[in-house]
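Welcome! Have the model open while you read, and let us walk through it together, from the whole chain down to single residues.

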Amino acid sequence: MPGLIQESPFKTITVQELHPTFAAEVSGVNFQDVSEEQFKEIIAAMAKYGVCVFRNTGLDDEAHVKFSERLGELDNIKRYLGAGRKARYDLYELFDAGNIDSETGGVLDPNSARAHSNRGNGLFHADSTFNPRRASFSLLRACELPPPGNGGNTDFADSRTAFDELPQELKEELLANDYVGAHSMAHSRKLGSPEFFADVDPTTGPMQRHRIAQVHEPSGRMNLYIGAHLHHIEDADGNEIPNSWELVEKLNKHATQRKYTTTVQWDRPSDMIIWDNRCVLHRAGGGVFEGKYRRDLRRTTVHDDSPTAWGLNSKDQVWKGFNAQAAPKHAGAVGV
Ligand code: OGA
Ligand code: MN
């Protein structure tokens, strides 16, 4: 008997699943002119898969930003500037996720302050969890890649399925207590490079609060909103719970087990990955290219406009960057 042919819900795109529970490679998109019908299908694919990989998009900086704007209001790097930092690109909407030294144009020295900052990117995280208003989509595009076989992949973890498969007792504990996560960029920097950031005390800097267990609006599924920026966990009254750090580690470890992760290899410049920070975690895979080969990746980040976008944070809060408050000499990358 021939196998069942599953009808795809998509008419204008083709979807190849990359993992049993999430992530897909999407083909058939003409990025020079994405029709409204096709755009809606991309949004639908994002809701279902959380990560969509688009090969050889042909996008340049400007077209990348323009396309991203269709997904919502974009974050920009202006608050990270100053203290001697200059934007690498003309477009403030582009975040630098690569390893190019903005002073010399060469490969970033792995011992430089920015390289130490970037190490936090190697830990599973969601972008902007440390911001009062969190991010929905990140769109990361390759401009220049190391030769194949030298690393530089990006890994993803399915935090919705991780929620579904939590031990029942823990799931009930999270739901019954309405736990809140306090997130800090300084914290993940420190986790990524503990010695270099030994002097940094995340508790003296800004923390932003978002619920740990929450609905991912586009899919209606529950999600674990955690990752490397998660510094501690509070109860509904705002008190840090006993054994908070143990639970932070337990949740992060649970959600990033191998069975929940997949690796995406960048094949060529203009490949682009879109992920939804409200339902997946990601990390830079690292590799022998570091300090040796150029890896120029640029990202746009879309402000979340779902009902939980601001978490428990005030909407009129002025967010002061890590650079401004903690350790100017350890100026961070504009990439996390
Ligand atoms: C990012 C990020 C991972 C990578 O751009 O937000 O975490 O592989 N990038 O560069
Ligand atoms: Mn990131």
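This is a predicted model. For 336 residues, a compact globule would have a radius of gyration near 20 Å, and the protein chain comes to 19 Å, which agrees. From there, we can look at the overall fold, the metal site and one histidine in a loop.

**The chain as a whole**

- Eight helices and 15 strands make up the secondary structure of the protein chain.
- Of the 336 residues in the protein chain, 53% are buried.
- If you take contacts in the protein chain between residues at least 6 apart in sequence, 82% of them join residues at least 24 apart.

**Surface and charge**

- The protein chain has an accessible surface of about 15,300 Å², and carbon and sulfur atoms account for 47% of that.
- Among the side chains of the protein chain, 38 are positive and 47 are negative.
- The centres of these positive and negative sets lie 3 Å apart.

**The manganese site**

- Which residues coordinate the manganese ion (ligand 2)? They are His125 (through NE2), Asp127 (through OD) and His282 (through NE2), at 2.1 to 2.2 Å.
- Written as a sequence pattern, the spacing of these donor residues is H-x1-D-x154-H.
- His125 sits in the loop between α3 (113-118) and β5 (135-144), while His282 belongs to strand β14 (residues 280-284), so the two histidines tie together parts of the chain that are 157 residues apart in sequence.
- Are these two histidines buried or exposed? His125 has a relative accessibility of 1%, so it counts as buried; His282, at 5%, counts as buried too.

**A histidine in a loop**

- Where is His19? You can find His19 in the loop between β1 (14-17) and β2 (24-27).
- Although His19 is in a loop, its relative accessibility is 12%, and because buried means under 20%, His19 counts as buried.
- Setting aside neighbours within four places in sequence, His19 is in contact with Lys259, Tyr260, Thr261 and Thr262.
- Pro242 is 223 residues from His19 along the chain, and the C-alpha atoms of these two residues are 36 Å apart.

Note on methods
Residues are numbered from 1 along each chain as its sequence is written. Chains are lettered from A and ligands numbered from 1 in the order in which they are written. This is a predicted model: local features need pLDDT of at least 70, side-chain atom pairs count only at pLDDT 80 or more; totals for chains, interfaces and linings use all residues. Side-chain values use heavy atoms; hydrogens and water are left out. Donors are N, O and S atoms within 2.8 Å of the metal (3.2 Å for Na, K and Ca); water is not among the atoms, so sites may look incomplete. Helices (H or I, at least four residues) and strands (E, at least two) are DSSP runs, numbered from the N terminus. Buried means under 20% relative accessible area, exposed over 50%, partly exposed in between (1.4 Å probe, protein chains only). The radius of gyration is taken over C-alpha atoms; the globule rule is 2.2 Å times the number of residues to the power 0.38. Contact means heavy atoms within 4.5 Å. Accessible areas come from the Shrake-Rupley method with a 1.4 Å probe; for residues, only the protein chains shown count as cover. Lys and Arg count as positive and Asp and Glu as negative; His and the chain ends are not counted. The place of a charge is taken as NZ of Lys, CZ of Arg, CG of Asp or CD of Glu.
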